[in-house]
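Please examine the sequence and the model first; the description follows.

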Amino acid sequence: MKIEIADYCIRCGICEDMFPNLFKRNYEDHCFDVLVDEITPELEEEAKQAVAECAVAAIKII
């Protein structure tokens, strides 16, 4: 499984504030980067919470 952030992300920063193991603001490209290529079993619950907490439902698990 992987995490993806849709283009309609409003860059509010909730994901980075709540889940710094998964997301990091990219000031150069004006977006958020996903810090993991694959969701490990240890991060699976955190990834699901990130999906649930996203203000505009831009975070997806694929």
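A residue is called buried with under 20% relative accessible area, exposed with over 50%, and partly exposed in between, using a 1.4 Å probe and protein chains only. The model is a predicted one, in which local features need pLDDT of at least 70 and side-chain atom pairs count only at pLDDT 80 or more, whereas totals for chains, interfaces and linings use all residues. Residues are numbered from 1 along each chain as its sequence is written, and side-chain values use heavy atoms, with hydrogens and water left out.

**Overall fold**

The protein chain contains two helices and four strands, in the order β-α-β-β-α-β from the N terminus. Its radius of gyration is 10 Å, close to the 11 Å that the globule rule gives for 62 residues, so the chain is as compact as a globular protein of that length. That radius is taken over C-alpha atoms, and the globule rule is 2.2 Å times the number of residues to the power 0.38. The C-alpha trace spans about 30 × 20 × 20 Å along its principal axes. Of the 62 residues, 34% are buried. Helices (H or I, at least four residues) and strands (E, at least two) are DSSP runs, numbered from the N terminus.

**The hairpin**

Strands β2 (residues 23–26) and β3 (residues 31–34) pair in the antiparallel sense over four bridges; pairing requires that DSSP finds at least two bridges between two strands. Within this pair, Arg 25 stands opposite Phe 32 of β3. Four residues lie between the strands of the hairpin, where His 30 takes a positive phi near 55°.

**Cysteines**

The structure has zero disulfides, a disulfide being a pair of cysteine sulfur atoms within 2.5 Å. The sulfur of Cys 12 is too far for a bond, because the closest cysteine sulfur, in Cys 54, is 6.3 Å away. Cys 31 is likewise in no disulfide.

**Helix α2**

Val 51 belongs to helix α2 (residues 44–53). What is the relative accessible area of Val 51? The value is 30%, so Val 51 counts as partly exposed.
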